[in-house]
Structures are given as C-alpha cells and as structure tokens.
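I opened a new page for this structure and wanted to note, step by step, what I looked up in it.

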Amino acid sequence: MLEKPIFLQGVYSFKGAGLTKPVTLQPPISYIVPTDKRTQTVYFRAGNSSPDLIYVLLVRDGKPMRYFPVGAKDAIHVPLAVVEDLQPDSKIEVVAAASEGVTGSLVLDI
C-alpha cells in the first residue's frame with residue numbers, strides 16, 4: 001500500500017468535439033501505477049463551469065474504464081465503493097467530452 005495517496009486534481013480547460021469524441025484536457029492528466037504496486041480509485045469529484053452536460057472518462061491502458069457525467073454548471077461526488085484494481089504498470093488517463101464547440105473549465109479531484 002502506498003504510504004501517501006496520489007491525487008489527480010486541478011482546474012482544466014476543455015473544448016468539446018462531440019459527445020462521442022472525448023478530448024485530452026489541458027494540461028493532460030495521466031498516472032502510471034508503479035511496477036511494484038497495485039492501486040484503486042477511491043473517489044471522484046468534479047465540477048463543470050459550462051452550460052452543457054459533459055462527461056469525464058477514465059481510460060485504462062487505452063480502453064474506456066469509467067464514465068462520469070457532470071451536469072451543466074454542476075458538480076458530482078462519487079465514492080467508489082466497488083472498484084477495479086489497477087494492476088502494476090497500468091496507465092490511467094483522464095479525458096472529457098462535450099458537445100461540439102462547448103468550452104469551459106473542469107475542476108477535478110480524483
């Protein structure tokens with residue numbers, strides 16, 4: 001077990017390319033599980049400044065892992081009681097999708 005938790009957090013800008021086309025946040029967010037560790041995501045919090053529904057997608061090793069819808073000018077807090085183990089060397093990326101042309105900021109705490 002890690003002695004100190006790792007958090008993916010900050011304020012990230014986005015520009016929507018369509019709900020079926022998630023885009024990389026700016027700056028990009030990723031995490032690689034250390035070779036000798038196993039980890040789990042324990043909660044997800046996000047806020048959306050835009051006037052439209054968006055979603056945040058956790059991508060594990062290039063494949064969709066979990067979708068989190070975040071309402072228009074709204075917030076979400078999801079405690080993840082049942083989660084998948086993230087195996088050593090897994091790469092987690094955080095991307096977001098919004099309707100084409102929608103811009104805003106996303107506040108994340110994962």
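Is Tyr55 buried or exposed? I kept in mind that the model is a predicted one, and I found that Tyr55 counts as buried because its relative accessibility is 14%, with the cut-off for buried being under 20%.

Next I looked at the cores. The largest nonpolar core has 25 residues, and those touching the most other members are Leu25, Val56, Val94, Leu106 and Leu108. Two or more residues each come from β1 (9-15), β2 (23-32), β3 (43-48), β4 (54-60), β5 (63-70), β7 (91-97) and β8 (103-109). Apart from this core I noted another, of five residues, including Tyr55 and Val95. For Leu25, leaving out residues up to four places away in sequence, I listed contacts with Tyr12, Ser13, Phe14, Val94, Ala96, Leu106 and Leu108.

Then I turned to the aromatic pairs, of which a search of the whole structure finds three. Phe44 and Phe68 are stacked, with 3.9 Å centre to centre and 5 degrees between the planes. Because Phe44 belongs to strand β3 and Phe68 to strand β5, this pair ties together parts 24 residues apart in sequence. Phe44 is buried at a relative accessible area of 0%, and Phe68 is buried at 4%. Tyr55 and Tyr67 form a tilted pair, 5.4 Å centre to centre with 50 degrees between the planes.

Last, I checked Ser90, which sits in the loop between β6 (75-79) and β7 and counts as buried at 5% relative accessibility. A polar atom of the Ser90 side chain lies 2.8 Å from the backbone oxygen of Gln87.

Technical notes
Residues numbered from 1 in each chain as written. Predicted model: local features only at pLDDT ≥ 70, side-chain atom pairs only at ≥ 80, totals over all residues. Heavy atoms only, no water. Core = buried A, V, L, I, M, F, W, Y, C linked by side-chain atoms within 4.5 Å. Buried < 20%, exposed > 50% of the residue type's maximum accessible area, 1.4 Å probe, protein only. Helix = DSSP H or I, 4+ residues; strand = E, 2+ residues; numbered from the N terminus. Contact = heavy atoms within 4.5 Å. Polar contact = N/O pair within 3.5 Å; in protein donor to acceptor, adjacent residues only side chain to side chain. Phe/Tyr/Trp six-rings, centres within 6.5 Å; stacked < 30°, edge-to-face > 60°.
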